[in-house]
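Here is a friendly briefing to read alongside the sequence and the 3D view. Take a moment to turn the model around before you start.

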2 protein chains.
Amino acid sequence: MGVVSTGGRRERLRAETTAEIKRVALQLMASGGPDAITLRAIAREMGMTANAIYGYFATRDDLVTTLINEVYTALADTVEAAWAQAPAGRPAGRIQAWARAFRGWALANPEGFRLIYGDPVPGYEAPEGGAAPDAAYRICTGIAALADAAWPHAEQLHARSGFQWSDFDDGLLGKVRPAFPDLPPAGVALALRIWGHLHGLVSLEIYGHLRTQTVDPGKLFQEELNQLVRSLGIDPGE
Amino acid sequence: MGVVSTGGRRERLRAETTAEIKRVALQLMASGGPDAITLRAIAREMGMTANAIYGYFATRDDLVTTLINEVYTALADTVEAAWAQAPAGRPAGRIQAWARAFRGWALANPEGFRLIYGDPVPGYEAPEGGAAPDAAYRICTGIAALADAAWPHAEQLHARSGFQWSDFDDGLLGKVRPAFPDLPPAGVALALRIWGHLHGLVSLEIYGHLRTQTVDPGKLFQEELNQLVRSLGIDPGE
DNA sequence: ACAAAAACTTCACGGCGTATAGTCTCCTCA
DNA sequence: TGAGGAGACTATACGCCGTGAAGTTTTTGT
């Protein structure tokens, strides 16, 4: 046999079972929150014993990690696709497409959003490697690209700020920065701020803190995007 | 006896035990996350049986609810105090004081922040009444006051926005709005946006999503405040 | 056909929330 | 003063949970 073989019957069954475990876990999470992901519940749903899952995932945390990786990657795919699909010549449209894709995905996958950005599980500690850091990097890159697209317009507005950019220059964004050589530290800080803005509004909405104020969160988000584009000095139609 | 009596020895002991349960719970949460709040662990720490706690709190969720209420109230107290302490004549300083108090409290009580704004517990559902909605209302009121203080400066900037404020007018902020009759719907939307911005940056920081980019979050937050004051059209020294 | 490997089950342990029933201590009032 | 009762707490038990060890069945490669 061999781990490299891709056509073996055993490998196929194994992959299918693995996929089913993850599918059932995601579906349990969707219906009962991240805490509903219990090995016993998954096994019950699949007509197995809880311990059988240990043949596929070393521990429950491993399963959760895998789910986070996949969900995170799906989010990164979504926003990247929205970005790529919008015409490159119109920064305002691109930025709005990215942001709307972010919020749209979060609303469509609230449990996934909590899994990525919240406290996913009792005592869960994120491991070092894996796909999640990659996905996080892709999200940050998207945000940086967003600021990069806006920077020609926004630069003069931010030049007026009295902030000490030199203090910011060192090790600001370990991995993302080199991908945008034309974006100065001030621009990266702008990117992170925009990320924070969008994350905050979506997060408040997902966790129900806007609902209690009977807001129409979609309109608030649209207003955010309008003001964002304005504050970047971009012609909204551009 | 009597529920109204305040001096009874029994009542005093009871109050002390209740306070100790909450204290131990908060301390467990601080050391091991919100999930570490288990009745058995609390009882172990206190030299009691887990069931003894049922004499003080009907259920574990009741205990968590009480903790959330207290923590939430503490946060509201903190930001209100910071607001009140800053001179009323300087909107920029007041706004920054509020925001810095918010972030400062969150950093000092990260588990409390998660308890309030995150997924505090497996399957926990917030009850209707209690102090938490009050605290949430006070936070929102603080944000609205912030926008109200800035509005005289910010109004002309936001008047340029092409947004349909009339669509926003109805039921925007159920309870907070009446407290600020001079603040139009556009100002309330601004308040919520600012809230989202601050919440997003603090949330990313608390949950460790900024750390992976090796940012100095304090500086980023300060830059956020600088730009916020600027975007509101307020003289930073005012 | 047979041995190895993989998949899966059974049993067991400790921890969790919590329901029920029982015990012990202290206050109250006749 | 002493009996009754209320309140504080314990004991036991049930069904969840993750997980480890050992055993059983099924599949695979030679």
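A polar contact is a pair of N or O atoms within 3.5 Å; within protein, one atom must be able to donate a hydrogen and the other to accept it, and residues adjacent in sequence count only if both atoms are side-chain atoms. The model is predicted, so local features need pLDDT of at least 70 and side-chain atom pairs count only at pLDDT 80 or more, while totals for chains, interfaces and linings use all residues. Residues are numbered from 1 along each chain as its sequence is written, chains are lettered from A and ligands numbered from 1 in the order in which they are written, and side-chain values use heavy atoms, with hydrogens and water left out.

**DNA strand C**

- A polar backbone atom of Arg60(B) is 2.8 Å from a phosphate oxygen of DNA strand C.
- The elements giving two or more residues to the surface near DNA strand C are helix H1 (9-32) of chain A, and helix H1 (9-32) and helix H2 (39-46) of chain B. Helices (H or I, at least four residues) and strands (E, at least two) are DSSP runs, numbered from the N terminus.
- H2(B) supplies the largest share of this surface, three residues.
- There are 19 residues around DNA strand C, and Tyr56(A), Arg40(B), Arg44(B), Asn51(B) and Thr59(B) come nearest. A residue is near a strand or molecule if one of its heavy atoms lies within 4 Å of it.
- Sugar or phosphate accounts for 60% of the atoms of DNA strand C within 4 Å of the protein, and bases for the rest.
- By class, the surface near DNA strand C has six nonpolar, five polar and eight charged residues. Here Ala, Val, Leu, Ile, Met, Phe, Trp, Tyr, Cys and Pro count as nonpolar, Asp, Glu, Lys and Arg as charged, and the others, Gly among them, as polar.

**DNA strand D**

- DNA strand D is surrounded by 20 residues, the closest being Arg40(A), Asn51(A), Thr59(A), Asn51(B) and Tyr56(B).
- Phosphate oxygens of DNA strand D lie 2.8 Å from a backbone N or O atom of Thr49(B), 2.9 Å from a side-chain N or O atom of Arg14(B) and 3.2 Å from one of Thr38(A).
- H1 and helix H2 (39-46) of chain A, together with H1 of chain B, each give two or more residues to the surface near DNA strand D.
- Three residues, the largest share of that surface, come from H2(A).

**Inside the protein**

- Ile42(A) and Ile42(B) touch the most other members among the 152 residues of the largest nonpolar core. Such a core is a set of buried Ala, Val, Leu, Ile, Met, Phe, Trp, Tyr and Cys residues joined through side-chain atoms within 4.5 Å.
- Not counting residues up to four places away in sequence, Ile42(A) touches residues including Ile21(A), Leu28(A) and Leu63(A). Contact means heavy atoms within 4.5 Å.
- Is Glu205(A) buried or exposed? Glu205(A) is buried, because its relative accessible area is 16%; buried means under 20%, exposed over 50% and partly exposed in between (1.4 Å probe, protein chains only).
- Glu205(A) sits in helix H8 (residues 185-206) of chain A.

**Cysteines**

- The structure holds zero disulfides over all chains, a disulfide being a pair of cysteine sulfur atoms within 2.5 Å.
- Cys140(A) is buried at 6% relative accessible area, and Cys140(B) is buried at 5%.
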